Structures are given as C-alpha cells and as structure tokens.
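Q: Hi! I have a protein model open and I'd like to walk through it with you. Can we take it piece by piece?

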Amino acid sequence: MQEWEGKQGGVQDLNATWHLIGHLQSNKAARAAKLFHTIDSVDDFALAQRLDRARSESGVTERMRVLIEVHIAEEETKTGADVRDLPALAEKIAALPMLEFAGLMCIPPFAEDSEEARPHFRRLRELRDELTKRLGSSLPALSMGMSHDFEVAIEEGATEVRVGTALFGTRDVAKGGQ
C-alpha cells in the first residue's frame, strides 16, 4: 500500500488496471478499495467483508474484482487461504454484492528449477476447476507464475502472470521499492 501511494502520482494518467498483489491487512482495506481496481490476494472473509463495505460506502457502483490467494504449499513465510477452507470462503465471497470473485492466485515456494513449481500450479488449477463446478459460475482468472517460472505456470493454465522482475529488474524494498 505504502509503496503504491508513493508511486501512483507518476502513473495516474495511464489507462491501466491497478492490481494489489501481496498481503493486505484488514485495517487497510478501505484505502485499498479506493486505490486499486482489483485485489489479487484476499485470504479471509473478514478482509473481503471490509473491501465490500468500503466499496459500497465509496459510492462506486462497479463491483471490485478479487482473487483468493491460496496458501498452496503451506510455507510459514507465505500467506493465503488454507486449501481446506477454500470452498466455504469462495461461497461467502461470491455472495458479497460489491465484489466480483474472479478466481485464484498463488505463490509457490521459490526454486531455481521452475519444474518444481508445476505441482503447485496444477493443484491451483484443479482447485479453481472444482470451485467453478461448486459455484456454478465461471472463474476466469488463474494468477500464478512469476518471472522465473511463468512458462510452467502458463503450461498449467495460468491466465495471469507476474513478471515485474523480468521487465523492471529487482526491487529495492529497503528504499520503498523506488
């Protein structure tokens, strides 16, 4: 959030769709609902409710697109919804009037060999396919794969990849990513 607030002034005139990727704390949901078009890392229902409420209170009539971030590999350093909780969470989020539940996102463990990410990407696609049947609606977004493994992610069905490092180089997070 803070990094985007520092950078948005230089790009606000662009005709672009702005995605928030990364853990979003519930107390920042109202700000995020105003700054971004889509939140790609919803990981619990309380956060989804806050986004829904903030969107409603803002007077915007468009629904906000959201993806559920799935804790696909159960790494302690990563966030996301537990796979076991995913069906119930998806049903609840899909029912919120100001959110458009569009699909799933994951960040598997980093590995030099991109093939090691394949089982995680495949599992996310399978989970998305199961939810599509369960909800009876299309979930077109499957956000998975980054600069080092996006080819494998695409082979496993990714519809969105995150390739910022390949395009812009490594971020200097210590200086606010600037």
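Q: How do S5 and S6 pair, and over how many bridges?
A: S5 and S6 run in the parallel sense, and two bridges link them.

Q: How much of S5 is buried?
A: Five of its six residues are buried, so S5 is largely enclosed by the rest of the structure.

Q: What about S4, how many of its residues are buried?
A: Six of the seven residues of S4 are buried, which leaves the strand mostly covered. S4 also pairs with S3 (residues 64-69), in parallel, over six bridges. In that pairing Val66 has Phe101 of S4 as its bridge partner.

Q: Okay, zooming out: what is the strand order of the whole sheet?
A: The order is S1-S2-S3-S4-S5-S6, in an open sheet of six strands with parallel pairing. Strands S1 (19-20) and S6 (160-162) stand at the edges with a single partner strand each, so one side of each has no neighbour in the sheet.

Q: Who pairs with S1, then?
A: That is S2 (residues 38-42), in the parallel sense, over two bridges. Leu20 has Ile39 as its bridge partner in S2, and His19 stands opposite Thr38.

Q: How buried is S2?
A: Five of its five residues are buried, so S2 is largely enclosed by the rest of the structure.

Q: Which way do side chains point in a strand, by the way?
A: In a regular strand they alternate between the two faces of the sheet.

Q: Time for helices. How many are there?
A: The protein has seven helices, along with six strands. Reading from the N terminus, the elements go α-β-α-β-α-β-α-β-α-β-α-β-α.

Q: Let's pick H5. What length should it span, and why does that agree with the model?
A: H5 covers residues 118-135, which is 18 residues, and at 1.5 Å a residue it should span 26 Å. The expected span is 1.5 Å times one less than the number of residues. The C-alpha atoms at its ends are 26 Å apart, so the two agree.

Q: Which H5 residues are buried?
A: Those are Arg118, His120, Phe121, Leu124, Leu127, Arg128 and Leu131. The buried residues of H5 pack against helix H4 (86-94), strand S4 (99-105), strand S5 (141-146) and helix H6 (150-155).

Q: What comes just after H5?
A: Gly136 does, and it takes a positive phi of about 70 degrees.

Q: Changing topic: where is Ala29, and is it buried or exposed?
A: Ala29 lies in helix H2 (residues 29-35). Ala29 counts as buried, with 1% relative accessibility. Leaving aside neighbours within four places in sequence, Ala29 is in contact with Leu24, Leu47, Arg50, Leu51 and Ala54.

Q: What sits over the ring of Phe45?
A: The charged end of Lys92 does, at 5.4 Å from the ring's centre.

Q: Why does a low value matter?
A: Where pLDDT is low, the predicted coordinates should not be read in detail.

Q: And what share of the protein is buried overall?
A: Of its 178 residues, 39% count as buried.

Terms used: Residues numbered from 1 in each chain as written. Predicted model: local features only at pLDDT ≥ 70, side-chain atom pairs only at ≥ 80, totals over all residues. Heavy atoms only, no water. Lys NZ or Arg CZ within 6 Å of the ring centre and 35° of its normal. Helix = DSSP H or I, 4+ residues; strand = E, 2+ residues; numbered from the N terminus. Buried < 20%, exposed > 50% of the residue type's maximum accessible area, 1.4 Å probe, protein only. Contact = heavy atoms within 4.5 Å. Pairing = 2+ DSSP bridges.
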